[in-house]
Amino acid sequence: MRLPQPRGPVSRGVTEALCGARPLDVEALLADVAAADGDVIHDEDLQLALWVAYELHYGGFEDVATGRDWEWDPDLLRVRGALEARFEVRLRELTRREVDAALAATGDVAERIFAQADAADGPSLGRPLQREATAEQFIEVLVHRSVYQLKEADPHTFAVPRVQGSAKVALVELQFDEYGAGRAERQHATLFGDGLAELGLDRGYGAYVDAVPAVTLALNNAMSLLCLHRRLRGAAVGHLAALEVTSSLPCRKYVQGLRRLDLSPAMVTYFDEHVEADAVHEQVATREICAALVAREPELAEDVSFGVAVCLRMDELLAAHVLDSFRAGVSSLRSREVSEAVA
């Protein structure tokens with residue numbers, strides 16, 4: 001994957017420094033981060049800059065200049081830290097009510113997670129894709145999802161060394177399934193790539209980053225924020241639990257929508273895999289990971305609820321963007337040109 005096209009002064013400063021076009025001007029970038037107004041979740045420049053900084057911990061970029069360890073560069077980490085601080089503050093603002101309600105609820109850890117998921121009443125893509133979406137609209141949703149799905153499970157794997165005891169064992173068990181249970185061709189990221197390829201789309205990792213809007217990058221950045229900080233390990237596994245709890249039923253609807261539109265048997269296989277697997281994984285994630293972690297470290301209960309709330313809210317924000325775009329008769333991607341090329 002090559003570095004994406006910048007969307008403003010911060011992402012430009014970061015990407016140009018990474019490719020060696022100019023030095024990293026830390027003070028100028030910190031000033032630009034501080035000066036940016038509006039909602040950080042919808043800020044194209046800030047979300048792209050944060051996504052690029054995080055990506056150095058994943059697959060990286062083939063056009064990053066050699067001779068400097070950018071992944072752990074202290075100057076770049078200062079910029080990333082400023083971006084993260086703004087983002088985390090906003091995520092906590094967005095989820096405060098849901099976290100407080102979860103902490104006040106009765107029941108054990110797993111029961112509170114299921115109740116938190118059940119209480120979410122924001123927009124969802126499951127039913128529209130099942131019943132109404134056109135083939136082009138369905139494909140747009142797959143493009144949004146590709147940013148995460150082509151590295152599926154990788155963010156939460158960072159949590160493995162950060163939890164201990166039975167929670168660690170259960171997390172490794174769950175991740176083993178995500179990575180194909182010993183079969184490379186059954187990795188969930190590989191199955192999703194097979195579906196993209198069958199639809200004539202680019203299965204290359206990060207192929208559509210330039211096409212997706214800030215809210216899609218923010219959904220991915222939220223995962224990395226929670227999973228790359230040890231202090232947020234409770235939120236990381238809470239986020240994972242919410243993913244699993246809210247996966248099986250929507251994936252069944254995706255399968256029905258794909259069959260209605262006669263699209264990609266390979267993509268049907270991908271979502272079918274999640275209908276079955278995630279019905280089991282939700283129990284592992286809530287009871288054997290989150291509950292076990294809180295039993296060992298009771299002070300992390302609030303962070304678990306925060307991670308659940310972040311997952312639910314970011315899904316709702318992306319769904320709202322996509323559905324608003326569809327109702328307005330416009331592409332949910334960044335340009336009509338890109339959406340037509342995808343279609």
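Student: What makes us say that H7 is mostly covered?

Tutor: It comes down to a head count. This is a predicted model, and in it twelve of the 15 residues of H7 are buried. Buried means under 20% relative accessible area. Among the residues of H7 that fall under that cut-off are Phe138, Ile139, Val141, Leu142 and Val143, along with Glu140 and His144.

Student: How do you know that the span of H7 is close to what is expected?

Tutor: Helix H7 runs over residues 135-149, and from its first C-alpha to its last it reaches 19 Å. At 1.5 Å a residue, 21 Å is expected. Put the two values side by side, and H7 comes out close to the expected span.

Student: What share of the contacts with a separation of 6 or more joins residues 24 or more positions apart?

Tutor: That share is 79% in this chain. Serine 166, in helix H9, gives you a case to look at. Its C-alpha is separated by 8.1 Å from that of leucine 293, which sits 127 residues away along the chain. Leaving aside neighbours within four places in sequence, serine 166 is in contact with Glu288 and Ala292. Contact here means heavy atoms within 4.5 Å.

Student: Does serine 166 count as buried or exposed, and why?

Tutor: Exposed means over 50%. Serine 166 has 52% relative accessibility, so it counts as exposed.

Student: What makes the phi of alanine 181 worth a look?

Tutor: Most residues other than glycine have a negative phi. Alanine 181 has a phi near 50°, a positive value. You'll find alanine 181 in the loop between helix H9 and helix H10. Aspartate 262 also has a positive phi, near 55°, and lies in the loop between H13 and helix H14.

Student: Now the pockets. What lines the largest pocket, and how much space lies in it?

Tutor: About 1000 Å³ lies in the largest pocket. Its lining has 44 residues, with Thr246, Ser247, Pro250, Tyr254 and Asp315 nearest the centre. Helix H13 gives the largest share of that lining, six residues. By class, the lining splits into 20 nonpolar, 13 polar and eleven charged residues.

Student: And which residues are closest to the centre of the second largest pocket?

Tutor: About 310 Å³ of space lies in the second largest pocket. Of the 15 residues lining that pocket, Arg97, Glu98, Gln116, Ala119 and Ala120 are closest to its centre. Helices H4, H5 and H15 are the elements that each give two or more residues to its lining. Sorted by class, that lining has eight nonpolar, one polar and six charged residues.

How values were computed: Residues numbered from 1 in each chain as written. Predicted model: local features only at pLDDT ≥ 70, side-chain atom pairs only at ≥ 80, totals over all residues. Heavy atoms only, no water. 1 Å grid on protein atoms, 1.4 Å probe; cavity = no way out; pocket = protein on both sides within 12 Å on 5 of 7 lines; lining within 4 Å. Points joined across faces, edges and corners; volume = space filled by probe spheres on them. Helix = DSSP H or I, 4+ residues; strand = E, 2+ residues; numbered from the N terminus. Nonpolar A, V, L, I, M, F, W, Y, C, P; charged D, E, K, R; others polar. Expected span 1.5 Å × (residues − 1). Buried < 20%, exposed > 50% of the residue type's maximum accessible area, 1.4 Å probe, protein only.
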